[in-house]
Amino acid sequence: MRAVDISAVKRPTRRRAHDRDDLAWWREARFGLFIHWGLYAIPAGIWRGKRVPYIGEWLMFREKIPVATYAKLAARFHPRHWDAAAIVRLARQAGMGYLVITTKHHDGFAMYRSKVNPYNVVDATPWHHDPIADLARECRRQGIRLCFYYSQDLDWHHPDGAWNDWDYAKDQKQPDRYLREKVLPQLTELLTQYGPVGMIWFDTPLTLTREQSARIRRHVKRLQPQCLVSGRIGHGLGDYSLPRDNFLPPGRLEGDWETCATLNHTWGYKKHDHEWKSAANLVTTLVDLTSKGSNYLLNIGPDADGRVPAPSVQRLRAIGAWLSVNGTAIHGASPSPFRYEFPWGRITTKGCTLYFHFFANPPRHFQLHGLRTRVTGVSALATPRTKFSFRQTSTPATGTPVLEIDFINVRFRTPVTVFAVHLAAAAAVEPLTLQQPDDTVTFIGPMARVGTDAAKPEMRVGGNGLSENWRNTRDWLEWRFTVLHPGRYDVTVVTTHQHLEPWSGGHTLRLTCEGQSLRRKTMREAVLPGLRSTYYPQIATRFGRLSFPRAGTYTLRLQADRMNLRSKNKTLFSDGGIQFSEIRLSPAA
Ligand code: JFZ
């Protein structure tokens with residue numbers, strides 16, 4: 001069974017120039033509110049007295065609840081505390097520019113007035129009310145872009161929808177009838193009943209053909225040409241790309257991306273999920289994603305009464321407070337000129353200004369390697385009159401540009417403090433992987449050359465920056481890099497996996513550089529701390545030591561000597577091969 005390629009990665013098409021403007025508002029926003037709200041908020045992650053360990057909105061599927069049973073929840077849906085104005089105000093207070101609400105999730109229940117299907121919140125509940133009409137009114141009034149989540153493939157209520165094979169025989173399903181009877185007519189309703197719609201956020205394109213995805217896309221663009229289509233329409237037909245949920249890339253992404261994320265570990269409301277991320281984690285994640293060219297779509301799951309959990313409100317307002325001071329370094333900002341991240345923080349760009357986002361108090365004598373462009377000034381973003389002296393030199397041995405900033409009397413404001421570095425022109429940087437001022441060197445997939453001892457490599461580095469289809473010993477990754485300080489360095493190879501899926505380890509890898517060769521089996525020796533490890537554990541294997549006799553440019557290659565492929569490591573979304581994340585060199589102790 002081939003891993004499902006939910007190719008939410010937009011295939012480059014020869015789009016006419018004006019299409020790009022469609023994304024202008026979305027790029028300016030950079031930060032949006034995701035809202036998962038529906039009948040699944042009633043059981044709230046509890047079924048037959050048992051707390052379920054998985055994401056709350058998947059209850060019907062995971063418990064194989066018959067349609068007749070699940071539909072009874074509608075009779076209990078009467079949210080007395082639903083307040084659309086408050087929710088849109090919360091998005092504004094958080095510094096968000098758009099809002100994506102679930103109009104129909106996988107359970108097939110329409111959270112709006114649907115004339116083409118009675119299984120909806122107006123006709124099937126005692127509430128008899130259309131919350132989407134409220135949100136449309138409030139988004140218009142408060143200047144937030146209204147967007148709709150719509151599950152175009154999975155539908156566990158409609159006989160022809162995908163993935164309910166406990167009520168309906170799989171081989172009896174007619175997907176085209178489901179598109180004709182439900183998907184296309186409901187998209188017509190959504191795109192004609194509520195005014196301008198910013199985007200349709202499709203999801204889990206697991207069974208639909210390319211032709212069906214293309215038909216859905218054409219349908220949306222015919223009704224509202226400006227309405228964006230998210231990457232999970234599938235088959236690369238989206239207007240921008242999405243990685244898997246809660247995924248943070250190892251390096252800068254190319255093109256337009258959006259990462260959707262939870263505030264705890266569920267999208268739909270769960271009574272007992274109190275594992276809320278800290279405001280510091282959330283601000284740092286927003287900075288990380290913006291520096292890598294990705295939007296951040298952060299979720300709330302209102303309860304069955306329409307209330308937004310207080311911990312969600314607190315955290316969104318905390319992010320908003322940070323953006324009220326530092327928003328210019330995020331809203332409308334472009335990614336870092338460097339493809340890799342920094343141990344001290346991240347960089348975002350706006351015109352000829354770089355914003356240095358520090359995750360901790362910057363060292364007095366701060367250094368940055370690789371910036372070729374002349375700096376004209378350095379100031380604190382929060383207090384622009386606070387200026388810092390700086391100088392630019394280059395290392396004698398390798399000619400590597402070095403920017404030094406004298407961060408004297410810095411007032412560090414947690415969780416992230418931002419400095420504006422003004423340039424004489426658009427930023428230009430050294431293209432190669434570079435040794436950092438803390439003497440570490442980090443090698444990431446997006447900066448590698450993919451090669452093979454065979455005719456054509458099968459392995460590739462995916463748009464999300466991780467290796468894909470690395471299932472043989474012929475293909476390899478190779479980097480050119482610059483060492484500034486000769487010496488001996490400890491080598492760590494980092495691989496990863498989605499936290500609910502098995503880790504593909506035990507492969508014997510060979511790392512060669514400068515006539516030296518290190519050969520090891522990947523072992524789960526440590527899980528590296530960091531933002532990414534929450535959902536994609538960074539599994540570290542120590543590979544030994546490399547020596548560099550002089551400063552200069554070197555080549556490093558990573559190749560598998562022996563694969564340890566296990567079918568159990570194959571899942572719906574991963575091919576069971578090596579998921580390479582990075583290699584780290586750190587000065588030998
Ligand atoms: C999907 C939904 O199934 C889920 O309920 C929620 O709406 C989320 C935002 O999207 O979940 C996914 C989709 C894609 C992947 C994983 C979970 N993926 O690509 O690995």
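Modeller: The accessible surface of the protein comes to about 23300 Å², and 51% of that belongs to carbon and sulfur atoms (Shrake-Rupley method, 1.4 Å probe; for residues, only the protein chains shown count as cover). Bear in mind that this is a predicted model: local features need pLDDT of at least 70 and side-chain atom pairs count only at pLDDT 80 or more, while totals for chains, interfaces and linings use all residues. Residues are numbered from 1 along each chain as its sequence is written, and side-chain values use heavy atoms, with hydrogens and water left out.

Of the 589 residues, 60% count as buried, where buried is under 20% relative accessible area, exposed is over 50% and partly exposed is in between, with a 1.4 Å probe and protein chains only. The secondary structure comes to 9 helices and 29 strands (DSSP runs numbered from the N terminus: H or I of at least four residues for helices, E of at least two for strands). The radius of gyration is 25 Å, close to the 25 Å from the globule rule for 589 residues, so the protein is as compact as a globular protein of that length. That radius is taken over C-alpha atoms, and the rule is 2.2 Å times the number of residues to the power 0.38. Along the principal axes, the C-alpha atoms fill a box of roughly 75 × 60 × 50 Å. As for contacts (heavy atoms within 4.5 Å), among those between residues at least 6 apart in sequence, 74% join residues at least 24 apart.

Now the part I'd pick: strand E22, residues 475-483. Of its 9 residues, 8 are buried, so E22 is largely enclosed by the rest of the structure. Strands pair if DSSP finds at least two bridges between them. E22 runs antiparallel to strand E28 (residues 552-562), with 8 bridges joining them; there, Arg-480 stands opposite Thr-555. Strand E19 (residues 449-452) also pairs with E22 in the antiparallel sense, over 4 bridges, and Gly-451 has Trp-476 as its bridge partner. Strand E17 (residues 433-434) runs parallel to E22 and is joined to it by 2 bridges, with Leu-434 opposite Thr-482.

What about the cores? A nonpolar core is a set of buried Ala, Val, Leu, Ile, Met, Phe, Trp, Tyr and Cys residues joined through side-chain atoms within 4.5 Å. The largest one has 96 residues, with Leu-99, Ile-200, Leu-298 and Leu-316 touching the most other members. Helix H6 (residues 175-190) gives that core its largest share, 6 residues. A second, separate core of 54 residues includes Phe-338, Val-410, Cys-513 and Tyr-554.

E14 and E15 (residues 401-406) pair over 5 bridges, and Ser-394 has Pro-401 in E15 as its bridge partner.
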